[in-house]
Amino acid sequence: MTDTARTARAGVPERPTLDGLEETWSRRWQEEGTYAFDRSKERSNVYAIDTPPPTVSGELHMGHVFSYTHTDLVARFQRMRGRTVFYPIGWDDNGLPTERRVQNVYGVRCDPFLPYDPDWRAPETPVDDAARRDPTPISRRNFIELCERLTLSDEQIFEALWRRLGLSVDWSLMYTTIGPAARATSQRAFLRNLARDEAYQAEAPTLWDVGFATAVAQAELEDRERPGAYHRLRFHAAGGREVLIDTTRPELLPACVALVCHPDDERYADLVGTSVRTPVFDVEVPVRAHALADPAKGTGIAMVCTFGDLADVTWWRELALDTRVVIGRDGRLLPEAPDGVPAQPYAALAGQTVNGARRTIVELLADAGDLVGEPRPITHPVKFYERGDRPLEIVSTRQWYLRNGGRDADLRAALLARGRELHWVPEHMRHRYEHWVSGLTGDWLVSRQRFFGVPVPVWYRLDDAGEPDWSHPLTPDESSLPIDPSEDAPAGYHESQRGLPGGFVGDPDVLDTWATSSLTPQIAGGWERDPELFRRVFPMDLRPQGQEIIRTWLFATVVRAHLEHGTLPWRTAELSGWILDPDRKKMSKSKGNVVTPMALLEQHGSDAVRYWAATGRPGTDLAFDPAQIKVGRRLATKLLNASRFALGLGAADALRAPATEPLDRAMLAELATVVTTATAAFEAYDHTAALQATESFFWGFCDDYIELVKERAYGTGTGADSARAALATALSVQLRLLAPVLPFAAEEVWSWWRYGSVHRAPWPTTYEVGQVIQGDGDPELLRLAADALGQVRRAKSERKLSMKAEVPLAEALGPAALLDQLTLVVDDLRAAGHIGKLDLLPDRTPALVIACAF
């Protein structure tokens with residue numbers, strides 16, 4: 001859509017301004033379908049982007065602006081290269097972050113056992129801390145409605161920001177990860193995984209977030225340094241021998257099922273195969289050997305509890321130890337002692353929090369004389385859910401898992417091979433993927449004990465005693481998706497049979513948010529919903545994303561595509577760097593150094609902020625620098641003003657006319673080199689190099705070339721015609737080179753003298769520029785003229801004279817060959833420098849010198 005488009009010429013304004021361009025052009029682009037995806041094109045003409053759906057449970061920050069601008073630069077370049085760009089936008093609106101936000105904003109909590117209340121209304125304004133501490137219980141359906149209400153409001157705010165930033169997405173392709181299409185896609189993929197035995201259910205030790213009351217996956221963990229203390233406990237062996245162990249979790253003593261040492265540790269070799277008795281509880285536990293025991297840690301022999309940490313789980317599983325669970329899902333010690341543990345001493349711990357039980361057991365150990373010395377304070381890494389604020393516990397629960405190579409060497413090898421097939425930008429990010437896949441210790445836990453998410457789409461038969469048959473889940477037909485097993489009944493059953501012996505019960509859990517987000521190519525691409533669309537866009541061309549979610553979003557998406565389609569989900573992955581504050585620290589909400597973007601967009605303009613983002617390369621950290629945003633503002637302003645000036649010289653009517661004069665041909669030859677450089681850089685996903693080359697040329701074009709030719713362009717004849725032709729081509733080409741970075745300013749100028757949208761115009765080529773050059777063009781001639789003019793300007797500045805001041809006499813000294821070249825542009829130089837007489841004195845100096853006499 002170029003010269004035949006609906007958008008007519010606007011004419012050159014008297015005083016061009018950046019103010020208001022975002023509102024004007026965002027509306028026009030939407031009205032005219034400038035960025036609409038053309039479904040008629042075949043796959044070879046499509047460039048498809050798997051756009052990250054931001055989590056709509058907080059505020060967008062400069063990191064989002066940074067990375068999403070990078071994606072938009074790619075989309076705009078590919079569109080101008082003639083591809084129809086599939087560029088959807090999505091909102092990741094389900095999951096724990098949304099639930100937590102609803103709880104905090106409205107002071108509520110979900111109670112799935114309450115009936116739905118259609119008349120319940122949420123507070124009109126956010127509640128205070130007291131209401132958050134004592135939240136109002138509401139039904140699951142009421143809670144979900146509240147989540148939907150809040151996310152809709154958040155999505156509207158996010159959309160306004162993205163439109164302001166100028167993202168060239170096709171808004172008709174918008175999706176949400178909790179919408180019907182996403183739910184159906186997520187449930188369909190899960191059911192197919194289940195049918196192929198890639199999804200399975202198991203009762204096993206599970207990492208558990210007490211605050212959110214849900215299981216979490218390995219990919220969602222993070223270590224945080226926390227204060228703790230080593231407690232030395234005295235165990236009792238046969239013959240009165242004492243065995244000392246160090247632990248930071250003495251409250252788990254009633255869960256102790258063994259002591260473990262390294263097989264080569266001679267200190268305890270005679271104990272292996274025997275048993276010892278626990279302090280306080282006097283429970284007999286075996287002493288076993290295992291290679292993971294660290295002889296240098298503590299006393300060299302460890303207490304194995306079910307379960308204190310992941311090492312406990314490994315020892316418990318590989319040594320086939322007993323199970324004594326003492327911590328419940330609420331983070332408190334269970335009310336009843338586990339089997340084999342005497343009830344009387346345990347009663348002092350029952351129902352206590354972990355910290356409370358720790359204080360009590362220390363007192364009991366001290367009273368029994370089995371606490372050796374005082375606790376020794378330490379700081380150590382403790383595992384947290386990445387969004388949680390309380391240390392994780394390990395509890396035994398029934399969960400759904402998806403095979404991901406953690407326990408399957410062949411699948412692991414296949415997924416590593418997929419990583420090597422993928423084009424990584426930058427390449428070194430591949431090593432993070434390989435490190436993660438190689439280090440997996442278990443399959444992907446995909447079920448969550450939450451409410452606002454995609455329901456696990458299965459039911460269970462209840463036997464005559466009302467117990468579920470976990471081994472044979474009832475599944476829906478794909479044609480009925482999406483379903484909610486808590487509200488829908490399985491085929492062959494009636495709702496009245498829910499929860500009754502001989503009837504059924506729905507799975508109460510939802511799928512992990514990554515289990516749905518890992519299907520964004522399928523959701524956006526219309527998998528099974530729109531086969532023709534899916535054929536045109538899948539596998540997609542680009543996955544842009546943050547480096548911190550390689551282990552979650554990127555890897556999970558590779559897993560799903562590999563299992564379902566036997567292919568990669570995209571050809572290229574482009575990873576973002578971090579945004580740093582001025583002190584070079586990573587911006588994060590927890591540090592309080594996050595900058596929100598809307599005020600900056602309003603103050604400086606979107607093009608200016610986009611310019612700042614474009615100065616950062618993929619995978620490279622970038623400091624937030626308001627000075628760089630101001631540079632972008634100056635560049636956009638200069639584009640308006642220089643374009644107005646060039647068009648005022650008559651360039652608008654000289655497009656595609658020949659450039660015959662040496663200086664004009666030299667400038668265009670240099671511009672052709674810039675086109676080559678910028679094109680190659682964009683093709684390599686190096687938008688920063690493209691911007692640097694284009695911006696450097698542009699400033700020289702404005703400061704030197706326009707000044708050198710403006711007097712000639714004002715005139716008549718072949719010289720004037722040549723100048724106007726060169727200005728027209730240069731302006732047209734530079735507008736298109738800058739359009740991805742400065743979409744509003746470039747579109748504004750384009751509308752003054754061209755038809756259609758610059759963003760639908762073809763990307764410039766060297767052939768296009770070469771067609772205008774009549775004969776050869778030597779870029780060195782432009783540099784020579786710019787050098788000479790620069791020396792004249794410096795001479796005036798040193799004398800504090802106006803640039804328009806007359807120079808009665810000037811002398812050009814330098815090698816004869818150089819001055820022969822200068823004669824080709826001497827008239828333009830005299831006019832630009834306001835030089836009365838210019839004498840050429842060859843071979844007086846080794847380099848060019850312009851001496852001015854005033």
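Which helix holds Gln30? Gln30 lies in helix H1 (residues 21-32). The views below come from a predicted model, in which local features need pLDDT of at least 70, side-chain atom pairs count only at pLDDT 80 or more, and totals for chains, interfaces and linings use all residues. Residues are numbered from 1 along each chain as its sequence is written, and side-chain values use heavy atoms, with hydrogens and water left out.

**View 1. Gln30 in helix H1.** Helices and strands here are DSSP runs, numbered from the N terminus: a helix is H or I with at least four residues, a strand is E with at least two. Gln30 has 43% relative accessibility and counts as partly exposed. Three classes are used: buried is under 20% relative accessible area, exposed is over 50%, and partly exposed is in between (1.4 Å probe, protein chains only). Which residues does Gln30 contact, leaving aside its neighbours within four places in sequence? They are Arg163 and Trp171. Contact means heavy atoms within 4.5 Å. Ala678 is 648 residues from Gln30 in sequence. In space, the two lie 28 Å apart, C-alpha to C-alpha.

**View 2. An open sheet of four strands.** The strand order is E8-E7-E16-E18, and the pairing is antiparallel. Strand E8 (214-215) and strand E18 (444-445) stand at the edges. Each has a single partner strand, so one side of each has no neighbour in the sheet. Two strands count as paired if DSSP finds at least two bridges between them. Strand E16 (residues 393-402) and E18 pair over two bridges in the antiparallel sense. Follow Leu402 to its bridge partner in E18, Trp444. Helix H7 (residues 310-318) packs on this sheet, touching strand E7 (199-209) and E16. The direction of H7 makes about 140° with that of E7. For such angles, axes are lines fitted to C-alpha atoms, for helices over the stretch in contact, and values run from 0 to 180 degrees between N-to-C directions.

**View 3. An open sheet of three strands.** Here the order is E17-E24-E23, with parallel pairing. Strand E17 (423-425) and strand E23 (540-546) are the edge strands, and each pairs on one side only. Neighbouring strands of this sheet are turned by 20° against each other on average, direction ignored. How many bridges join E17 to strand E24 (residues 570-576)? Three bridges do, and the two strands run parallel. Trp424 has Ala573 in E24 as its bridge partner. Strands of a sheet pair through backbone hydrogen bonds, either parallel or antiparallel.

**View 4. Helix H17, a mostly covered helix.** H17 spans residues 606-614. Nine of its nine residues are buried. Among them are Asp607, Arg610, Tyr611 and Trp612.

View 5. A salt bridge is a side-chain nitrogen of Lys or Arg within 4 Å of a carboxyl oxygen of Asp or Glu. By this rule the count is 60. The side chains of Arg188 and Glu478 form one of them (3.4 Å, N to O). Arg188 is buried at 11% relative accessibility. Glu478 is partly exposed at 29%. Both residues belong to a network of salt bridges that also includes Arg192, Arg196, Glu198, Glu528 and Glu564. Arg234 and Asp370 also meet in a salt bridge (3.7 Å, N to O). Are Arg234 and Asp370 buried or exposed? Both are buried.

View 6. Glu707 is partly exposed, with a relative accessible area of 27%.
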